[in-house]
Amino acid sequence: MTYRAGWIHFTNVAPILDSLTLPPGVTAITGVPTQMNAALLSGEVDIANISAVEFIRHADVLEALPDFSVSVLGPVYSVNLFHTRPLDELRRIALTAQSAMSVALLEVLLRERGLSPTLERAEGEAEELLADGYDGVLRIGDSALREWYRVVGPLTTERTMTMLPDSGRGVTVTDLAEDWFRLTGHPFVFAVWAYRKDRPPPPELVQAMRVARREGIGHLADVAGRHAAQLGLPERVVQHYLWNFRYHLEAPDRLGLQEFAAKAVPDHAQLCFGRRPGEAG
Ligand SMILES: C=C(O[C@@H]1C=C(C(=O)O)C=C[C@H]1O)C(=O)O
């Protein structure tokens, strides 16, 4: 019987997916986070890298691979609130329908500040929506990375990624993962590789993913070079963007995920992770 995978195809998973050879009998589709969340929950696919909040919400039917994540400690560069007035003066924020995780994170961060602006779904470029009457726009993924760089760039010989300002062109960019780090001191887990408890992945697939990740992380400059051209961004930007991710769901990431679950989904069930390789059980 075929085993079906669903991959979010953003550049941040390129170090895992670019070199992945699917074992015989495994097929894959791709899409944006909300599409993969829905595909996994409906049973259209058996495993997917999904918004971590959906894993928390559906921990009764889902389990996560124990050693795969898309996490960061500090800024992520691609989950951004673009805004034209200070955060505590925002009245109307445009959300993207592509994302579940960043919307849940934004809600937590606004609640922690005692803020309650109107949140509406609207697609399009951040700067266009800001010109259209929104005073805040939440964007994720490759286009958010590109827009961030357009606002705060360019890099120069003296100015590296961490030295870039947080505003430009009349727009301020609040990086939600950095805001989370300031609030909690924890990493933020955007995605986990979740599967339906009744459809665990064949071991050959998980092994192939580990091999592909080792290959990708070991050749990050090549991965960055390929994707920089597609994204229309300098290679340095993409390389820094990629090496900044934590792909192994380690103890600090799990702590961050638990902290987020407590704040965002207070009545969540206990999170269920598969066994690490070599772990008894
Ligand atoms: C950091 C990102 O992570 C992604 C963001 C997600 C979301 O917002 O729901 C889901 C999966 C992640 O891979 C990004 O794409 O910018």
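Domain bounds here come from an automatic or database domain assignment.

## Model and domains

Welcome to a predicted model, in which local features need pLDDT of at least 70 and side-chain atom pairs count only at pLDDT 80 or more, while totals for chains, interfaces and linings use all residues. Residues are numbered from 1 along each chain as its sequence is written, and side-chain values use heavy atoms, with hydrogens and water left out.

The assignment gives domain 1 (3-71 + 188-264) and domain 2 (79-184). Their centres, taken over C-alpha atoms, are separated by 23 Å.

## Where the domains meet

The size of an interface is often given as the accessible area lost when the parts come together. Buried area here is the accessible area (1.4 Å probe) that two parts lose on being put together, summed over both. Between domain 1 and domain 2 it is about 2,400 Å², with carbon and sulfur atoms giving 74%. In contact terms (heavy atoms within 4.5 Å), 26 residues of domain 1 touch 28 residues of domain 2.

One salt bridge is counted between the domains, where the term asks for a side-chain nitrogen of Lys or Arg within 4 Å of a carboxyl oxygen of Asp or Glu. Glu-112 and Lys-263 form a salt bridge, with their closest N and O atoms 3.3 Å apart. On the domain 1 side, helix H2 (33-42), helix H3 (52-57), strand E11 (188-196), H10 and helix H11 (251-264) each supply at least two residues that touch domain 2. H11 gives the most, with five residues. These helices (H or I, at least four residues) and strands (E, at least two) are DSSP runs, numbered from the N terminus.

## The six-stranded sheet

Now for an open sheet of six strands: the order is E7-E6-E8-E5-E10-E9, with mixed pairing. Strand E7 (118-121) and strand E9 (167-168) are at the edges with a single partner strand each, so one side of each has no neighbour in the sheet. Two strands pair if DSSP finds at least two bridges between them.

Strand E5 (residues 79-83) runs antiparallel to strand E10 (residues 171-175), and the two pair over four bridges. Asn-80 has Asp-175 in E10 as its bridge partner.

## Buried residues

Helix H10 (residues 235-243) has Val-237, Val-238, His-240, Tyr-241 and Leu-242 as its buried residues, buried meaning under 20% relative accessible area (1.4 Å probe, protein chains only). They pack against helix H1 (14-17), helix H6 (141-152) and helix H9 (220-231).

Ser-51 lies in strand E3 (residues 47-51). This serine counts as buried because its relative accessibility is 3%. Beyond its neighbours within four places in sequence, Ser-51 is in contact with Pro-33, Asn-37, Ala-100, Met-101 and Phe-190.

Key
Buried < 20%, exposed > 50% of the residue type's maximum accessible area, 1.4 Å probe, protein only.
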